[in-house]
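Here are a few exercises to work through with the model open beside you. Try each task before you read its solution.

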Amino acid sequence: MFADDARLSHRGLPKEVAVVGARLDRSVEHFGAFRDAWAAHLDTSPHTVGVEVGDDGLGRIVFTRLQEPPAKLSLILGEFLYELRAALDNALYAVAILDSGQDPPPKASALEWPICADEKTWKSHRDRRLSALSIEIQDALYAIQPFQAELPSWNCLRILNEMARTDRHRAVHFVTSFASNGWLQHDMNLVKDLQVFPGPVAPDGTLATFRWLGDFPINPDYLDGGTEFDVEVAGVELGPGPNGDEDVRPWRTFEGRLRALHRAVTEYVYGLIDLGIELAYEREHGMDAKPPC
């Protein structure tokens, strides 16, 4: 992005800027590898959906997993998250060089891109890790903190931080199936108390429960439907969406969430690098100087 930038043509940009771009490119490769691996898994017909009815007439529509998603899906996801989180820290280091005119910059070992859940945490992080940065850089970082967001549960920095931290310090994110869309029709005279459970597939595979009143085996003439399943991580939290929707996934799909993370990190890192370039130019040419575009 900055290969032909003339704003600091008299000196090279910190090498970390190129590393940031390489990490973002690498995360795209991981995203593609994840999609390919999931598609390959689906090609194996790894699950079935059927109807079970007990002697007491209580029935359920059940998802039966015939084959677990491959473990490499969790590893690829972890690598995607790592590259994005590392791109943030590499960008902050590059900006600290631009901001200070020193390489290494002041308090280099303390630098870490802040992702804070509240004002108190922000102030602590700022004082411990960001105090050598100019107030302009600190203010820019403060403005994008998750606790500033209108919908924190959809905030990409918050999502990335929590997912990356879990993968790094606790356990990988296990990949599973999510009942995202479907249709169902039933004979209201013979199928009663129908309850559908969209969303993450339950541990026992139950997608819906009902009571069958017929004295003969149930068949599609009386209960029929179809469900689409897409990829998700186990334990995903459902919550309110930006349009007031309830019990929706952040960014509505897992793919949409990963795309949003990449887009947000790209905008944040290059936005901060741009600011660092402007501040460096002003430091060298005077506060009223404007870098050439």
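**Exercise 1. Find which residues of helix 4 are buried, and decide where around the axis they lie.**

Solution. Start with helix 4, residues 135-143, of this predicted model. Ile 137, Gln 138 and Leu 141 are buried there. Next, look down the axis: these residues cover an arc of only 100°, so they are on the same side of helix 4. Finally, check what the buried residues pack against: helix 2 (72-100), helix 3 (119-130) and helix 6 (254-285).

**Exercise 2. Classify the ring pair of Phe 34 and Phe 254, and say which parts it ties together.**

Solution. A search of the whole structure gives 9 aromatic pairs. For Phe 34 and Phe 254, the ring centres are 5.7 Å apart and the planes are at 50°. Stacked needs under 30 degrees and edge-to-face over 60, so this pair is tilted. Now place the partners: Phe 34 lies in helix 1 (residues 15-42) and Phe 254 in helix 6, so the pair ties together parts 220 residues apart in sequence. Last, take the relative accessible areas: 5% for Phe 34 and 2% for Phe 254. Buried means under 20%, so Phe 34 is buried, and so is Phe 254.

**Exercise 3. Work out the strand order of the open sheet, and name its edge strands.**

Solution. The 3 strands have the order 5-3-7, with antiparallel pairing. Strand 5 (199-200) and strand 7 (223-233) each pair on one side only, which makes them the edge strands. Between strand 3 (residues 175-186) and strand 7 there are 11 bridges.

Technical notes. Residues numbered from 1 in each chain as written. Predicted model: local features only at pLDDT ≥ 70, side-chain atom pairs only at ≥ 80, totals over all residues. Heavy atoms only, no water. Pairing = 2+ DSSP bridges. Helix = DSSP H or I, 4+ residues; strand = E, 2+ residues; numbered from the N terminus. Buried < 20%, exposed > 50% of the residue type's maximum accessible area, 1.4 Å probe, protein only. Arc of directions from axis to C-beta. Contact = heavy atoms within 4.5 Å. Phe/Tyr/Trp six-rings, centres within 6.5 Å; stacked < 30°, edge-to-face > 60°.
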